[in-house]
Amino acid sequence: MNLGFLESTELAPLPAFLTSLALGLLIGLERERKPASKAGLRTFALVSLLGTLTALIAGRTGSPWIIAAGLILVGLMMIAAYACDSRLGEEAADPGTTSVAAICVCYGLGVLIWLGYPTLSIMLGVITTMLLYFKPELRGLSQSLTRQDLLSILQFAALSLVILPVLPNQNYGPYNALNPYQIWLMVVLISGISLAGYVALRISGGRHGVLLLGLMGGLVSSTATSMVYARHARDPGMLQLAAVVILTANLVVPARLAVLAGVVSPALLPLILPVMAGALACGAVGTLYWWLKLRQQAVLELPEIRNPTEIRTALGFGLLFGVILFCSAWLSDVAGNRGLYAVALVSGLTDVDAITLSTLRLYDLGTLQPFQAVSAIVLALVSNIAFKLGLVLAVGGAALARRCALPMLAAAAGAGAVLAFLPA
């Protein structure tokens with residue numbers, strides 16, 4: 001609604017108050033459903049209006065202390081409401097801390113609107129309401145996490161919020177290939193993707209089907225998932241299930257590489273996306289065939305996968321990434337494309353993420369042409385597929401390898417076929 005005609009009148013502040021009222025009503029509507037809460041629809045609406053009003057008065061009078069006094073008044077009001085119930089002997093199911101915090105946030109949002117941040121206030125108001133509404137789901141989520149899961153989250157916070165900000169964002173070494181901040185940023189990126197799959201794997205417990213288990217296992221580590229279920233393939237009745245989980249986990253790899261390219265080097269995405277889509281489509285056909293034959297079968301065990309955000313694991317990946325980055329730059333300069341492709345083939349055997357990120361980094365530095373970068377990533381993907389297929393054969397046996405070979409090789413062939421049609 002356009003209220004611009006009010007700007008020249010004393011009703012010019014009205015839009016801010018209307019926004020504040022709407023936010024207060026939104027948060028209060030959720031609290032109204034809680035019988036133990038001493039603040040509901042009207043109280044939250046009034047408190048939000050109070051925040052805007054005190055901010056207006058403080059600005060007009062040059063007395064910012066009025067805003068703090070209003071917040072103290074709101075807090076004392078809520079404390080008095082719960083203290084009164086306590087003296088009357090009423091038993092409240094809710095101790096009131098959430099409602100007190102919510103009403104203080106509501107007051108602050110009202111202040112923020114007058115200070116000229118209506119969009120931010122609306123976003124925070126919606127988030128606040130969601131946090132209040134989804135209490136059972138959030139509680140269930142926290143209770144489903146183990147001590148190890150919480151440790152993983154804390155370690156990721158240390159990687160991203162403690163270590164990353166203090167690293168210098170400057171190029172060092174020959175070819176200016178080594179940037180501590182950029183290297184650690186890639187560590188954070190990979191750890192974040194892996195942590196998401198790790199936590200989801202623990203929360204779901206494989207209850208939502210074989211395909212989802214394979215997808216989450218692939219996010220954490222397709223190699224580890226392949227090894228675990230290759231072992232299970234020798235158990236009675238597990239051969240078909242193991243094949244589907246392994247194939248699904250390996251389908252995540254091209255999708256993951258496309259996402260990494262989109263985040264790290266968006267300019268390369270138009271070239272790499274068709275290649276990874278070709279790999280994904282060709283591999284998905286065989287995976288779907290075996291999944292349809294599997295029908296429904298219980299998952300007996302989750303893959304035991306190492307914590308992906310462990311400091312030692314992160315340091316190992318960072319070191320590997322730095323070494324591959326330097327070797328790729330050096331061999332590309334000395335031996336041209338053949339040197340880079342040799343590094344891609346060798347490093348892809350163990351970790352396709354590291355060579356992909358190092359290739360993207362060199363592309364951003366202008367060392368590699370687009371086709372060279374995509375070719376190196378495809379070689380690493382093919383090398384990684386060949387390694388895991390050998391792992392499946394060695395650990396799971398010939399029967400499992402026969403089921404996995406065609407879809408995995410089709411994925412490699414799909415990527416290669418699309419690459420052949422790209423402009424060099």
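Is Thr 359 buried or exposed, and what is its relative accessibility?

Mentor: Thr 359 counts as buried because its relative accessibility is 0%; buried means under 20% relative accessible area and exposed over 50%, with partly exposed in between, for a 1.4 Å probe and protein chains only. Please note that this is a predicted model, in which local features need pLDDT of at least 70 and side-chain atom pairs count only at pLDDT 80 or more, while totals for chains, interfaces and linings use all residues. Residues are numbered from 1 along each chain as its sequence is written, and side-chain values use heavy atoms, with hydrogens and water left out.

Thr 359 lies in helix H14, which covers residues 352-364; helices are DSSP runs of H or I with at least four residues, strands are runs of E with at least two, and both are numbered from the N terminus. Leaving aside residues up to four places away in sequence, Thr 359 touches Leu 368, Ala 373, Ala 376 and Ile 377, where a contact means heavy atoms within 4.5 Å.

The setting of this residue is the whole chain. The chain has 16 helices and 0 strands, and 45% of its 424 residues count as buried. Among its contacts with a separation of 6 or more, 75% join residues 24 or more positions apart.

Val 244 sits in helix H10, residues 239-264. Its contacts, not counting residues up to four places away in sequence, are Val 210, Leu 211, Trp 290, Trp 291 and Leu 294.
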